Amino acid sequence: MRNKPVTGYDVARRAGVSQSTVSRALRDDPRVIKETRDHIQALAKEMGYVPHVTARSLITRRSSTIGVVTGDLRNPSFPVLANTLQDRFARDDYRVLLLSDREGPTGTVDKDLEALRGGLVDGVVYISARLDSPVVSEMLDWRMPLVILSRDVDSAQAGRVDRVTSDNIGGGRLVAQHLVDLGHRRIELISGPADNPSIKLRETGFRDELARLRADLDETLVYRGEVDAKTGLDGGLRLLGRSDRPIALFCATDYVAFGTLDAAKRLGLAVPNDVSVVGYNDLDLAGWSIFDLATVRQPLEEMALAAAELLLARIDGAAGTPVHRAFGVEWVGRGSAGPCPDGV
């Protein structure tokens with residue numbers, strides 16, 4: 001049995017051609033005639049040849065790897081974005097290195113920053129919602145190709161980095177409009193951190209539209225937590241367990257709303273007859289009959305594709321000043337939001 005990996009030299013010797021011809025043939029270079037290319041590629045596969053990534057990187061000065069920095073992958077929106085990014089980057093022969101930006105002892109991205117700077121990746125797509133992460137500021141200072149996806153940044157960073165978002169203010173307005181159109185006036189909010197840029201914009205649209213429609217939010221009944229299902233569960237149990245409970249709840253994401261639907265069930269409340277619940281994102285799970293969640297659709301896959309194109313252009317030096325791609329959103333009416341009960 002062979003202990004050493006098969007090299008390009010081995011393939012060249014077996015094929016009776018030069019090593020440079022093998023290299024070109026394996027890159028599908030048209031300067032090598034098709035018959036020779038096919039023969040060399042078949043021979044390389046038969047011999048178990050695998051390109052040496054490190055050697056190629058030394059030649060090209062690129063790692064052919066993209067870093068995708070995410071938050072907690074239990075949040076169903078992150079895998080949607082990461083999978084779409086991986087598929088798009090693979091078309092240009094880039095691998096994806098997935099890095100966690102979770103807080104606490106299991107988070108590793110702080111330790112990985114130096115490796116990112118040292119050539120581990122050619123660029124980074126950042127989709128974490130973590131507010132105190134050093135990744136964005138560090139990457140900007142190092143002039144690393146970077147795109148922020150599905151979250152916004154503060155005004156100080158806005159002009160320095162490519163970013164892809166959706167119309168969070170418009171989405172919040174849509175929720176308020178549709179709930180008021182259904183006759184609701186006792187509407188409350190279960191949300192994420194107040195300083196999360198995307199959440200903040202979403203809430204701004206929601207609050208402004210409620211005020212315009214004269215259905216103001218009772219600030220004493222707003223519940224906040226992390227962007228996860230537990231926040232929806234805890235907030236739902238607290239707000240829906242009150243004697244003056246809300247009749248409609250806007251949850252800042254679908255992930256939060258899933259927990260709120262569970263809270264309503266635990267309290268014996270029927271959705272939407274007793275309480276309407278609305279989410280945000282339109283994840284695949286939201287359309288399942290068990291949830292049937294009314295929500296606002298963000299085009300997550302289209303946003304991920306746009307982010308990938310921006311990053312590839314930035315890596316290739318084909319991009320100019322940083323841009324902001326903002327995608328539209330739309331209301332998705334489903335069974336979890338219904339008319340306000342009679343007499344309320």
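Helix α12 is mostly covered, since ten of its 13 residues are buried, where buried means under 20% relative accessible area, exposed means over 50% and partly exposed lies in between, computed with a 1.4 Å probe on protein chains only. This is a predicted model, in which local features need pLDDT of at least 70 and side-chain atom pairs count only at pLDDT 80 or more, while totals for chains, interfaces and linings use all residues. Residues are numbered from 1 along each chain as its sequence is written, and side-chain values use heavy atoms, with hydrogens and water left out. The secondary structure of the chain comes to 13 helices and twelve strands, these being DSSP runs numbered from the N terminus, with helices as H or I of at least four residues and strands as E of at least two. Buried residues make up 48% of the 344 residues in the chain.

**Helix α12**

- The buried residues of α12 are D254, Y255, V256, A257, F258, G259, T260, L261, A263 and A264, and what covers them includes β6 (187–191), α11, β8, β9 (276–278) and β10 (295–297).
- From its first C-alpha to its last, α12 reaches 18 Å with its 13 residues, close to the 18 Å expected at 1.5 Å a residue, the expected span being 1.5 Å times one less than the number of residues.
- T253 caps the N-terminal end of α12, with a side-chain oxygen 3.3 Å from the backbone nitrogen of Y255, and just after the helix G268 takes a positive phi of about 75°.

**The open sheet**

- Six strands form an open sheet in the order β2-β1-β3-β4-β5-β11, and the pairing is parallel; two strands pair if DSSP finds at least two bridges between them.
- β2 (95–100) and β11 (324–327) stand at the edges, each with a single partner strand, so one side of each is left without a neighbour in the sheet.
- The twist averages 15° from one strand to the next, where axes are lines fitted to C-alpha atoms, for helices over the stretch in contact, and angles run from 0 to 180 degrees between N-to-C directions.
- Helix α13 packs on the sheet, touching β1, β3, β4, β5 and β11, and its direction makes about 170° with that of β5.
- β5 and β11 pair in the parallel sense over four bridges, and T165 has A326 in β11 as its bridge partner.

- Strand β3 (residues 123–126) pairs with β4 in the parallel sense over three bridges, and the partner of Y126 in β4 is I148.
- Strand β5 (residues 162–166) also pairs with β4 in the parallel sense over three bridges, and the partner of V147 in β5 is D162.

**Nonpolar cores**

- Of the 41 residues in the largest nonpolar core, L85, F89, V125, L149 and V164 touch the most other members; such a core is a set of buried Ala, Val, Leu, Ile, Met, Phe, Trp, Tyr and Cys residues joined through side-chain atoms within 4.5 Å.
- β1 (65–70), α5 (77–90), β4, α11 (229–240), β8 (248–251), α12 (254–266) and α13 (300–315) each supply at least two residues of this core, and α13 gives the most, with ten residues.
- Not counting residues up to four places away in sequence, L85 touches V68, V125, L149, A304 and A308, contact meaning heavy atoms within 4.5 Å.

- E203 lies in helix α10 (residues 197–212) and is buried, with a relative accessible area of 6%.
- A polar contact of 2.5 Å joins the side chains of E203 and S191, a polar contact being a pair of N or O atoms within 3.5 Å; within protein, one must be able to donate a hydrogen and the other to accept it, and residues adjacent in sequence count only if both atoms are side-chain atoms.
- Leaving aside its neighbours within four places in sequence, E203 is in contact with L189, S191, G192 and R224.
- H178 lies in helix α9 (residues 168–181) and counts as partly exposed, at 25% relative accessibility.
- The C-alpha atoms of H178 and A337 are separated by 9.0 Å, although these residues are 159 residues apart along the chain.
- Among contacts in the chain between residues at least 6 apart in sequence, 71% join residues at least 24 apart.
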